[in-house]
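Student: I would like to go through this structure with you. Could we begin with the overall picture and then turn to particular residues?
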Amino acid sequence: MSLNESQLIESAQGGDAEAFSQLARRFERRIYTLALHYTRNAADAEDLSQEVWLKAFRAINSFRGNAAFYTWLRQIMVNTFLNHKRAETVRMEEVRSAAFENDSTNVDDGLSFMLNETPYQVEEDYERRILVEKVMQALGHLSSQQRLIFLLKHREGMTYEEIAKAFDCSTGTIKKALFRAVQKLREQMGVAPAPLELAQCGAGQK
Amino acid sequence: MHDCSLVENKMVDLIFSELSEDESLRLKNEIDRCSDCLSEYRSMNGAMRVFDEAWDASLPDQRFWPRHHEALRQHLADNAPRVSVDRVPFWKQLLTFKLPVPVPVAALIVIALLTLTALALRNRTIAPNLTIAARPSYETMTPPTVKEVPVYLEKVITRTVYVEKKAQEKNASRSKSSDQQRIAQPLTASKEKEGDIFMRAKLTDFQPPDQMRIRVIKRSKDDAN
């Protein structure tokens, strides 16, 4: 933890909202992107990430500096995500409209990466949109827990033990959930195992 | 012996870098030797690659972040908790207060406290026994007995009696009447109004009853026996 960060934390613990928002600036992209893939909806992601930050601000006095600030914040994020009831509702229609009806006036949307594109980029960007939609749909087929476990493992790089601690369950449960999440994602994204032109395995077939 | 299902289970560990370097190498060699496992592994890796591509593609535009931050800043400012609310209350500070005490001192304090507690408990157990012993047992008491004992009491009664003069004179002139008549007159004379017509009577012949019957209820430890 840098000195500046510790100073900001100290100020935030004294009730300084401006100091806390400066602190939030360092991690807000990370939190928002995770929220976006968890909720699969830009508006929900905005609400959820704000909720995480607000909860963190309210609990900032409980931060003792024993662990890194982000580790502490991540636990709040996990709890907030799991309690976010609306995350269960799959609202792919909104995602679709957000992805396809995006124009220069709709800059509030989190998926506004398609702005000011050149004619050359149109086709490429269209493919990207299709890809994003496909992945978001695939994520929608996971349970909220599987989705969060997968995101924490794959994007946050947390260990099985860390996730198990955050979820208050065994590492075996996390491992199983992760395995199922990967299998489902692979099926939904249409990445089936391709037959290889190799000698078939003679020993121990599935 | 190669087992595809076992390898598949470990594949997740391999993909998410949960295996040590040696284990990873060993598993990769085993996967390479089996076409099914290799196909599975490549498929899983491919899915992760597609996911990562989509992740990058889904990230918001750079212009999104200043607005996002401003909205967050505003949200925090609007909902900022009051400092006093989050301050640790006094009773919590008392509960979490720590005073470093050397181990021997702490041990002595503990022993002293235990001794005092033991003494207090001992006194508490003895005291009720004493009070119980001093208190008479009503259940074992015999009922009180009544005995009549003769009591002789001598009492001198003096009384001043006034009688009417005329009546006295009349009485004097008359022959001496009976004792009973003399006694009756002063008793009635005392009720008359005072004045010259009254004179002091003598009670020399007044005979109060010399015996009284008094019932005394007395009880002692010996009576009970």
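Student: In chain B, what percentage of the contacts with a separation of 6 or more comes from residues 24 or more positions apart?
Tutor: Please note that this is a predicted model. Residues 24 or more positions apart account for 70% of those contacts in chain B.

Student: How many helices and strands are there in chain B?
Tutor: Chain B has 10 helices and 2 strands. Along the sequence, the pattern of chain B reads α-α-α-α-α-α-α-β-α-α-β-α.

Student: And what share of the residues in chain B is buried?
Tutor: Of the 225 residues in chain B, 10% are buried.

Student: Which residues of α3(B) are buried?
Tutor: They are Asp36(B), Cys37(B), Leu38(B), Glu40(B), Tyr41(B), Met44(B), Ala47(B), Phe51(B), Ala54(B) and Ser58(B). Helix α3 of chain B covers residues 35-58, which is 24 residues. From first C-alpha to last, α3(B) reaches 34 Å, close to the 34 Å expected at 1.5 Å a residue.

Student: Let us turn to packing between the chains. At what angle do the axes of α2 of chain A and α4 of chain B cross?
Tutor: The axes of α2(A), residues 17-39, and α4(B), residues 64-78, cross at roughly 135 degrees and come within 9 Å. The two helices are therefore oblique to each other.

Student: Is that crossing left-handed or right-handed?
Tutor: The crossing of α2(A) past α4(B) is right-handed.

Student: Which residues make the contact?
Tutor: From α2(A), they are Ala17(A), Phe20(A), Ser21(A), Ala24(A), Arg25(A), Glu28(A), Arg29(A) and Tyr32(A). From α4(B), they are Trp65(B), His68(B), His69(B), Leu72(B), Arg73(B), Leu76(B) and Ala77(B). By class, the residues of this contact divide into 8 nonpolar, 3 polar and 4 charged.

Student: Leu72(B) interests me. What else does Gln50(A) touch besides Leu72(B), leaving out residues up to four places away in sequence?
Tutor: Gln50(A) also touches His75(B). Gln50(A) itself is placed in helix α3 of chain A, residues 42-58.

Student: Why does Gln50(A) count as buried?
Tutor: Gln50(A) counts as buried because it has 22 C-beta neighbours inside 10 Å, and the cut-off is 20 or more. Within its own chain, Gln50(A) is 19 residues from Ile31(A) in sequence and 9.3 Å from it in space, C-alpha to C-alpha.

Student: Where does Leu82(A) lie?
Tutor: Leu82(A) is in helix α4 of chain A, residues 69-83. Leu82(A) is partly exposed, because 15 other C-beta atoms lie within 10 Å. Leaving aside neighbours within four places in sequence, Leu82(A) is in contact with Ser144(A) and Leu148(A). Phe167(A) is 85 residues from Leu82(A) in sequence, while their C-alpha atoms are 9.4 Å apart in space.

Student: A backbone matter now. What is phi of Asp168(A)?
Tutor: Phi of Asp168(A) is near 60 degrees, a positive value in a residue other than glycine. For context, most residues other than glycine have a negative phi. Asp168(A) sits in the loop between α8 (160-167) and α9 (171-188) of chain A. With 6 C-beta neighbours inside 10 Å, Asp168(A) counts as exposed.

Student: And what about Ser17(B): where is its place?
Tutor: Ser17(B) is in the loop between α1 (4-15) and α2 (21-33) of chain B. Ser17(B) has a positive phi of about 55 degrees, although it is not a glycine.

Student: Is Ser17(B) buried or exposed?
Tutor: Ser17(B) counts as exposed, because it has 11 C-beta neighbours inside 10 Å.

How values were computed: Residues are numbered from 1 along each chain as its sequence is written. Chains are lettered from A and ligands numbered from 1 in the order in which they are written. This is a predicted model: local features need pLDDT of at least 70, side-chain atom pairs count only at pLDDT 80 or more; totals for chains, interfaces and linings use all residues. Axes are lines fitted to C-alpha atoms, for helices over the stretch in contact, and angles run from 0 to 180 degrees between N-to-C directions. Helices (H or I, at least four residues) and strands (E, at least two) are DSSP runs, numbered from the N terminus. Angles under 35 degrees count as roughly parallel, over 145 as roughly antiparallel, 65 to 115 as roughly perpendicular and the rest as oblique. A crossing is left-handed if the near helix is turned anticlockwise from the far one by less than a right angle, and right-handed if clockwise. Two residues are in contact if their C-beta atoms, placed from the backbone, lie within 7 Å. Ala, Val, Leu, Ile, Met, Phe, Trp, Tyr, Cys and Pro count as nonpolar, Asp, Glu, Lys and Arg as charged, and the others, Gly among them, as polar. A residue is buried if 20 or more other C-beta atoms lie within 10 Å of its own, exposed if 12 or fewer, and partly exposed in between; C-beta atoms are placed from the backbone. The expected span of a helix is 1.5 Å times one less than its number of residues.
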